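Please look over the aromatic contacts, the nonpolar surface and the strand pairing of this model. A short report follows.

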Amino acid sequence: MNTPIADPEQPMAGGGRGEAARDARARPGDEAVQTKGWLGANKWLLARRASQLGILALFLVGPWFGWWIVKGNLSSSLTLGVLPLTDPFLLAQSFAAGVVPYREALIGGGIVLAFYLLLGGRLYCSWVCPVNLVTDAAAWLRRRLGLRGGRAPDARGRYWLLAFVLGAAAVTGTLAWEWVNPVSMLHRGLIFGFGLAWGIVGGVFLYDLLIATRGWCGHLCPMGAFYGLLNRAALLRVSAGRRAACNDCMDCFVVCPEPQVIRPALKAAGQEHPLILNPDCTTCGRCVDVCSKNVFRITTRFDRSES
């Protein structure tokens, strides 16, 4: 089980499996489509898109059509005039700025915090955050255009940026990050039209497309870093429970937004059980989708069986 894994961004020597891996990089999941059908090979992706677009639609039908199901945005909202929800990252910035949020915001933050602590903080990144649509599109186009190389910053950079965001709030006494937060900018752009908002969102897209694959979400985003801290004791996890069936096609590494989380579970590199426990895992399910051998499954942190 300790077979080394090649870097999916680098060419593999020889023919056979290496040639298959090169084809897989162009269209990862083709073999899964042949064995499981198109829906079977995309079910988690489709579920995520339904979740992301559905949540975004709830916020937009108010300003667009006057149907106020949800008032506010992903930072702070009120659903049906009853349920308050607040981004815990926004609350952290508020406290750093020396501002005590109002009671409803604290209640809403507690609800959201409890949800992500229980199920997994980085579910926000793959199932809620609308910027994920932008970065996934950049990753898809990058593969189709055959773009290689580029230098991504150290993944720890997002934690430094997280510290900087909280420090900026403390120094300025304001929610400084929210003026440039791509999540907030995307929401504003959809409501108010073109402007600086689309410049920031476009910058994220071009950065991921031309400079560093998965550069924003995987290496820089301070929100991802914050929600990763909430992911350490998450109930939901991905398991490589059928890792003995792996044929090293590399599809899972190509589509994973955090590919470094796969190897320890898949190849027993530093751990014996097949569960992915790395807090960077977003539980997006793409590895489950594209694996023609059904190596992966979404389960709980208590399921360490191999089957």
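Y227 has a relative accessible area of 1%, so Y227 is buried. Buried here means under 20% relative accessible area, exposed means over 50%, and partly exposed lies in between (1.4 Å probe, protein chains only). This is a predicted model: local features need pLDDT of at least 70, side-chain atom pairs count only at pLDDT 80 or more, and totals for chains, interfaces and linings use all residues. Residues are numbered from 1 along each chain as its sequence is written, and side-chain values use heavy atoms, with hydrogens and water left out.

Rings of Phe, Tyr and Trp (its six-membered ring) pair if their centres lie within 6.5 Å; planes under 30 degrees apart count as stacked, over 60 as edge-to-face and the rest as tilted. The count by this rule is 10 aromatic pairs. One of them joins F89 to F226 and is tilted, at 5.3 Å centre to centre with 40° between the planes. F89 sits in helix α4 (residues 88-96) and F226 in helix α12 (residues 222-229), so this pair ties together parts 137 residues apart in sequence. Helices (H or I, at least four residues) and strands (E, at least two) are DSSP runs, numbered from the N terminus. F89 and F226 are both buried.

Y116 and Y227 make an edge-to-face pair, with 5.1 Å centre to centre and 75° between the planes. Y116 belongs to helix α5 (residues 103-119) and Y227 to helix α12, so parts 111 residues apart in sequence are tied together. Y116 counts as buried, at 6% relative accessibility. Which residues form one aromatic cluster? They are F89, F115, Y116, Y124, F226 and Y227.

## Nonpolar surface

A nonpolar surface patch covers about 1000 Å². Its members include L58, W64, F65, I107 and I111. Patches are made of residues with over 30% relative accessible area and no salt bridge; like charges are joined within 9 Å, nonpolar side chains (Val, Leu, Ile, Met, Phe, Trp, Tyr) within 5 Å. A salt bridge is a side-chain nitrogen of Lys or Arg within 4 Å of a carboxyl oxygen of Asp or Glu. Areas come from the Shrake-Rupley method with a 1.4 Å probe.

Helices α3 (43-65) and α5 are the elements that give two or more residues to the patch. The largest share, three residues, comes from α3. I111 lies in helix α5. I111 is partly exposed, with a relative accessible area of 35%.

## Strand pairing

Two strands pair if DSSP finds at least two bridges between them.

| Strands | Bridges | Facing residues |
|---|---|---|
| β1 (residues 70-72) and β2 | Three | V70 and T79 |
| β2 and β3 (residues 83-86) | Four | T79 and L83 |
| β4 (residues 236-239) and β6 | Four | S239 and R297 |

Strand β2 (residues 76-79) has a covered face, S77 and T79, and an uncovered one, S76 and L78. A hairpin of three residues links β1 to β2. Three residues also lie between β2 and β3 in their hairpin, where L80 in the turn has a positive phi of about 55°.

An open sheet of three strands runs in the order β5-β4-β6, with antiparallel pairing. β5 (275-276) and β6 (297-300) stand at the edges with a single partner strand each, so one side of each has no neighbour in the sheet.
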